[in-house]
Amino acid sequence: MELNAEQQQALELMKSGQNVFLRGDAGTGKTVVINRFIDSDPDRIVSLAPTGLAASNLKNGGMTIHRFLGALSQDWTQDPEKAREYLRSLRSLIIEEISMVRSDLFSRLDHDLRIYTGRDQPFGGIPLVVVGDFYQLPPVVKSKPEQEFLEKNMNGIFAFDAPAWKSAEFQNAELKTPHRQTDQEFLNLLRTVRTGADGLEEQLRRLDSRIQRQPPPLSRSLCCYRRQADWINYLHVERLLAPGGHYTGKCSGCYPESEWPAPKHLKVKAGMLALLTANDPDGSYANGDIGEVLVCWDNSIWIQLLRGPGIAVYRHTWQNYDYRIVTQPDGSSKLESHVIGRFTQFPVLPAYAMTIHKAQGQTLDQVHLELGTRPCFASGQLYTALSRVRSLEDLTLNRPLQVADVVVDEQVQRFYKRLGD
């Protein structure tokens, strides 16, 4: 894919070795620029993300910030000089989905890299590229005491609240050209919802024509809460009268249950709309493909993909990695992955519903927004949901939207105002 002028300009800024904040509305091609940057020097550019799900979507494999810091800590204990040499050789660190990175974690990354590199510079002098949109989903704060701690000690919950953000002196690279959506009226609506701008109520009323109590047959329901998404999937599967299969996953080595990519106990039925959650080694299907289950056997599940071919899906083994700095034959250092655990299960899930959090970063063909009686609860939640589709025709809702559904964090508004938005 050819980069446009603003994307090329952002790429050149990232290659310059400065700290860069790559920003833009949902669907403006931030991931395309990041992937092109990674391709320019894959061995010396490390990709990080706040969650395992976001990390799994990074090109050439990424890791969570926590895992990266854990690996560095272990290597520093065993051989500080090797760890320092490796870090000093890096061309860049990339952090995707920066809106979901908490201020304390961002500060810890800065603190630890200063120590491990032996350089009292922001992030140890390693150029940092942070990517995302703070108008989308915020960091997870689990309790009121956590919130109070972050506000008192970090000035707030967001990465930009941390003193480390200011000291990094980020250069701003903004992408303004939308690629996911092309309809100007829909884009205007999304931008109004994104920032909570004037005319919000009038824009929300434009969506009244898309209200539909039951989702279209091939739509994915997006929900605010995981239990709601799980319940929708459960009901759809239980309604099917066709035979199916029950499959038990197997875990070996070190693979925490919270990070398992599939349920240990999986129920699949013929006629079920299924989401494929892995890439087939032979290329017959890809992570994110959707199809209808035809037959369930003990060792295979046959699925008719919506995009055409019928395929046989076999059990898939996901690997959990640890990371170590190793010395290469030429004397240089490299961060190398080592398998420490495995999880095996069919990469098949009911495709009727998912949470808005899991949908962040994805483009979906059809979305049915399944909201409860209460308004959306998180900053950027509604905007993230609406911006997953390419056009208004790809979207339906189960109820009228209210102004209360649009939650925009005042700190985020002030942050972008300082940037000149």
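My entries on this model follow.

**Ground rules.** This is a predicted model, so I note that local features need pLDDT of at least 70, side-chain atom pairs count only at pLDDT 80 or more, and totals for chains, interfaces and linings use all residues. Residues are numbered from 1 along each chain as its sequence is written, and side-chain values use heavy atoms, with hydrogens and water left out.

**Sheet.** I looked up the strands (DSSP runs of E, at least two residues, numbered from the N terminus). Six of them make an open, parallel sheet, ordered E3-E2-E4-E5-E1-E6. At the edges I found E3 (63-64) and E6 (171-175), each pairing on one side only. Pairing takes at least two DSSP bridges; E1 (residues 20-24) and E5 (residues 128-132) have four. Leu22 has Val131 in E5 as its bridge partner.

Buried means under 20% relative accessible area, with a 1.4 Å probe and protein chains only. This core has 45 residues, and Phe68 and Trp165 are among those with the most contacts inside it. Another core, of 28 residues, lies apart from it and includes Leu207 and Val406.

**Rings.** How many aromatic pairs does the structure hold? I got 22 (ring centres of Phe, Tyr or the six-membered ring of Trp within 6.5 Å; planes under 30 degrees apart are stacked, over 60 edge-to-face, the rest tilted). Phe134 and Phe415 are edge-to-face, at 5.3 Å centre to centre and 75 degrees between the planes. They sit 281 residues apart in the chain, and both are buried.

Technical notes
Core = buried A, V, L, I, M, F, W, Y, C linked by side-chain atoms within 4.5 Å. Buried < 20%, exposed > 50% of the residue type's maximum accessible area, 1.4 Å probe, protein only.
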